[in-house]
Amino acid sequence: MPVTQEFIESLMKQNQMQIEQINNLNQTVNDLSKIIDELNATIKELREQLNKNSGNSSKPPSTDGFKKAPKSLREKSGKKRGGQKGHQGTHLAVLSAPDEVQRHMHADCTSCPYRDKCAEKACVKETRNVIDAVVEVNITAHEKLCVEVCPLCGKSKTGDFPKDVKANVQYGNNLQALVVAFNTIGAVSVNRIHEILGGIFNIPLSTGTIKNIVSRCAEKIKPALETIRSKLSESPLVHCDETGTNIDGKLHWVHNVSNGNYTYMTVSKKRGYEGIKSVGVLPDYRGIVVHDSWASYWKFDDVTHSVCCAHLLRELNGIMENHPEQTWAGKFKKLLLRMKRAKDKAIAAGKEALSVFTIQKYKREYDNIIKDAYGENPERVNPKKKRGRVKRGKILALIDRLQKYKGAVCLFIEKLSVPFDNNQAERDIRNIKTKTKVCGCFRSRTGAEEYLDIMSFISTARKNGFDSYHAVKMALLGQINLFWGWGAE
């Protein structure tokens, strides 16, 4: 069969159609490959998110739920569990003379006619003490007396009630202090306080009265709070942290500034720079600030920053668990722990600082590990026709942060007074989560502010060696100056 021009043209058309079809299929395959890659990346991120806990991320322990407890950041010391050799133990002891003595004889002596005679001569073989609390309600009636005719001046004279006795019936300072302690440090809700104290004392303590007692206490401690804030502003080092809480169904942020002697907490709608600024300490502060590397803290340029290395350890744990190919993470974790051990040994030996040689050695190793980290994580290329900056991912973002803030990470070995972690602030702010979990939320902004004011005062009192209950009682009596000389009359 002769090959005609028409036949050749039809073959060429078929060939062209097949080429276009192949190109379309290749384009579809490429598009589907991109979608698969994106979906795989999303699945990987979601799995990583599911694996997050308080041991490998910045999530608080309260979010761990009933899952298996995360592995501790502490390494095993090799010592046995429990108290170590030479440790002075403690035990339940009788702190005062007994109020009542009961004598017990053998069961055979119960109906014996010589029982009393034998009891007089019997010796004490063993004594066991039972410590119990006896709850009593004490009502003090204050009577204003009137003398019709004074024998000296001949005038009528009437007595005056004490300044703190203002109503016909009111509650005393002991009961009020107990109410405030339950509501704040005890994280007990108003309704439960009403139920518990009503059952114990048989007193109709209404929920409104409980709220008023807490409000009065918050008002009494305001002079002390200003002193706390002032003392923190003057201190050489402070810890900072923030946590979320619920006020009337809306998310608010509790900001904390504290050190070993003082605690100051406030609440704000903002988590970032404006919220931190509203505390009133950092804007004019010039000392060292220990924090968890939250971006807003770096906006305060006049302070010396120190990064919480415990947070870094948790992030490194997360990378090691979810990305075992990232070998640099394990190296960096070991480096941080070695630096901490060197610091602890220097402090135990009474040294004021590590040698310059030791510090430089650690810093060189620091730089080498960061170099290896960038080698394992080359920068991604921006796809054509795609605007904006290339997404770096969490691993590269952490590497960038470690390189940029190397001085803040290593500050704890350069200055032995700087702690390795930010545990001080985390401990001071932890009760907020307990309160939120127990009560669900704060009903009003005022209630949250009163709670934080009292908790700031109680935390400061405990740091200075006073128990919560008596600190609150002194505040209600207007005698805070007896504790710290803060002039709160």
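Tutor: Of the 489 residues in this chain, 36% count as buried. Here buried means under 20% relative accessible area, exposed means over 50%, and partly exposed lies in between (1.4 Å probe, protein chains only). Before we go on, please note that this is a predicted model: local features need pLDDT of at least 70, side-chain atom pairs count only at pLDDT 80 or more, and totals for chains, interfaces and linings use all residues. Residues are numbered from 1 along each chain as its sequence is written, and side-chain values use heavy atoms, with hydrogens and water left out.

Student: Thanks! How many helices and strands are there in the chain?

Tutor: The chain has 16 helices and 7 strands. Helices (H or I, at least four residues) and strands (E, at least two) are DSSP runs, numbered from the N terminus.

Student: How should I read a positive phi?

Tutor: Most residues other than glycine have a negative phi. In this model, D248 is not a glycine, yet its phi is positive, about 55°. D248 sits in the loop between β3 (237-247) and β4 (250-258). Another case is S293, with a positive phi near 75°, in the loop between β6 (288-291) and β7 (304-307).

Student: Are those two residues buried or exposed?

Tutor: D248 is exposed, because its relative accessible area is 56%. S293 has a relative accessible area of 11%, so S293 is buried.

Student: What does the side chain of T184 reach?

Tutor: T184 lies in the loop between α3 (173-183) and α4 (190-201), and T184 counts as buried because its relative accessibility is 0%. Its side chain reaches the backbone oxygen of V180 at 2.6 Å. Leaving out residues up to four places away in sequence, T184 touches N431, Y451, I454, M455 and I458. A contact means heavy atoms within 4.5 Å.

Student: How do I describe two aromatic rings together?

Tutor: A pair of aromatic rings is described by the distance of the centres and the angle of the planes. Rings of Phe, Tyr and Trp (its six-membered ring) pair if their centres lie within 6.5 Å; planes under 30 degrees apart count as stacked, over 60 as edge-to-face and the rest as tilted. By this rule there are 5 aromatic pairs. In one of them, the ring centres of F332 and Y366 are 5.0 Å apart and the planes are at 70°, so this pair is edge-to-face. F332 belongs to helix α9 (residues 327-348) and Y366 to helix α10 (residues 356-376), so the pair ties together parts that are 34 residues apart in sequence. Both F332 and Y366 are buried. F412 and F420 also form an edge-to-face pair, because their centres are 5.0 Å apart and their planes are at 85°. F412 is buried at 1% relative accessible area, and F420 counts as buried at 8%.

Student: Which residue lies over the face of W294?

Tutor: R271 does, at 3.7 Å from the ring centre. A charge sits over a ring if NZ of Lys or CZ of Arg is within 6 Å of the ring centre and within 35 degrees of the ring normal. K361 likewise lies over the face of Y362, at 5.0 Å from the ring centre.

Notes: A polar contact is a pair of N or O atoms within 3.5 Å; within protein, one must be able to donate a hydrogen and the other to accept it, and residues adjacent in sequence count only if both atoms are side-chain atoms.
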